[in-house]
Amino acid sequence: SVVNPGLITDCGPPDVVENQYSTCMVCVPPPPSTCGPGLKMSGTTCVNCDSGTFKAGTDSATVCTACTANSGTGAITGSTAITACVANAGFYGANGGPATACPVNSGTGTTTGATAVTACVANAGFYRANGAAATACPANSGTGTTTGATAVTACVAKPGFYGANGAAATACPVNSGTGNIAGSTAASACVADAGHTGSGTSVTK
C-alpha cells in the first residue's frame, strides 16, 4: 500500500492506494488488450465466443472462428477448440470437421454430435438398415410416430386397413373400420361404423 505520512497510516491491500485527496481508493486496472482462448474482445472487455464459434489463441480479435458447415456447439459458448464443433441434428461427421447430411428419409432426430452414418435412422414411415438408404413402408402401412425401423416388418397397417406386417394393407369394407387402431392383420379387425352391423367382410346397414 501507499502511505502519506501524517495523514493515512495504511490504505490496506496492495491494490488500494491514497489519492490526491488523502482518501484510500481501489486501483482500477487498465482494460485488457488481448483475450485468451474462448474469449473475444467486446469494447474494453473480454466476453465468451458465441455459440457456433471457437477461438484457440490469445489475441485482440472481436469475432471468433465459425464452426465448419453443418456443425455447431449447441447452446455452449466460450469454446476453445474446433473439436467443440459437432454435427448438427440430421448430420454426421468427425468432431471439428464438416458434417454430411444423413441419407434421404433418415436422420438423428434432435440428437447432435453423430460421428458415423450408422447414427442416422429411418424416419417415421420408413425402414432401413442403419447406414443404408431408407425405403418407404408398403402402401397403407407405416410405423406411426416411431423412427428407426430397420426391417419392413416394422411397417403395420394404418387405421382403417388390415394386412400382414410388412405387406401392403387392404382397406376395411365400406362402412367399417378399426377406429384409431393400427396394426390390424385380419379383416375381422374391421368393425361396423355407427348405424351398421357386422364385422370383417360382412357389414350391413
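**Entry 1: the link of Cys-67 and Cys-85.** I began with the torsion about the S-S bond of Cys-67 and Cys-85, which is about -70°, so this disulfide is left-handed. Next I checked where the two ends sit: Cys-67 is in the loop between β6 (65-66) and β7 (71-72), while Cys-85 is in the loop between β7 and β8 (86-87), so the pair ties together parts that are 18 residues apart in sequence. The S to S distance came out at 2.0 Å. I also looked up burial, and both Cys-67 and Cys-85 are buried. A reminder to myself that the model is predicted, so I am reading computed coordinates throughout.

**Entry 2: how many disulfides are there in the whole structure?** I ran the search, and it finds six. For my own notes, a disulfide is a covalent bond between the sulfur atoms of two cysteines. I followed up two others among the six, below.

**Entry 3: Cys-137 and Cys-155.** These two form a disulfide with their sulfur atoms 2.0 Å apart. The torsion about the S-S bond of Cys-137 and Cys-155 is about -70°, so I noted this one as left-handed. Cys-137 belongs to the loop between β14 (135-136) and β15 (141-142), and Cys-155 to the loop between β15 and β16 (156-157), so the pair ties together parts that are 18 residues apart in sequence. Is Cys-137 buried or exposed? Its relative accessible area is 11%, and since buried means under 20%, Cys-137 is buried. Cys-155 has a relative accessibility of 1% and counts as buried.

**Entry 4: Cys-172 and Cys-190.** Another disulfide joins Cys-172 to Cys-190, S to S 2.0 Å. With -70° about the S-S bond, this link is left-handed. I found Cys-172 in the loop between β18 (170-171) and β19 (176-177), and Cys-190 in the loop between β19 and β20, so this pair ties together parts that are 18 residues apart in sequence. Both Cys-172 and Cys-190 are buried.

**Entry 5: Ala-192.** From there I moved along to strand β20 (residues 191-192), which holds Ala-192.

**Entry 6: Ser-79.** Back in the loop between β7 and β8, I looked up Ser-79. Ser-79 has 6% relative accessibility and counts as buried. What does Ser-79 touch, not counting residues up to four places away in sequence? My list reads Gly-38, Cys-49, Thr-53, Phe-54, Lys-55, Thr-73 and Ala-84.

**Entry 7: Ala-56.** Ala-56 is in the loop between β5 (53-54) and β6. At 54% relative accessibility, Ala-56 counts as exposed. Leaving aside neighbours within four places in sequence, I found Ala-56 in contact with Pro-37 and Thr-80.

**Entry 8: a hairpin.** I then turned to strand β3 (residues 39-42) and strand β4 (residues 45-48), which pair in the antiparallel sense over four bridges. Lys-40 stands opposite Val-47 in β4. The hairpin has two residues between the strands, and Gly-43 takes a positive phi near 70° there.

**Entry 9: the whole protein.** How many helices and strands does the protein have? I got zero helices and 22 strands. Of its 205 residues, 28% count as buried. The accessible surface comes to about 11100 Å², and 58% of that belongs to carbon and sulfur atoms. Among contacts with a separation of 6 or more, residues 24 or more positions apart account for 21%.

**Entry 10: confidence.** The mean pLDDT is 87, and 81% of the residues reach 70 or more. Over residues 1-7 the pLDDT is below 50, and this stretch has 18 contacts in the model beyond near neighbours in sequence. Where pLDDT is low, the predicted coordinates should not be read in detail.

Terms used:
Residues are numbered from 1 along each chain as its sequence is written. This is a predicted model: local features need pLDDT of at least 70, side-chain atom pairs count only at pLDDT 80 or more; totals for chains, interfaces and linings use all residues. Side-chain values use heavy atoms; hydrogens and water are left out. Two strands pair if DSSP finds at least two bridges between them. pLDDT is the predictor's confidence in each residue, from 0 to 100. Contact means heavy atoms within 4.5 Å. A disulfide is a pair of cysteine sulfur atoms within 2.5 Å. Buried means under 20% relative accessible area, exposed over 50%, partly exposed in between (1.4 Å probe, protein chains only). Accessible areas come from the Shrake-Rupley method with a 1.4 Å probe; for residues, only the protein chains shown count as cover.
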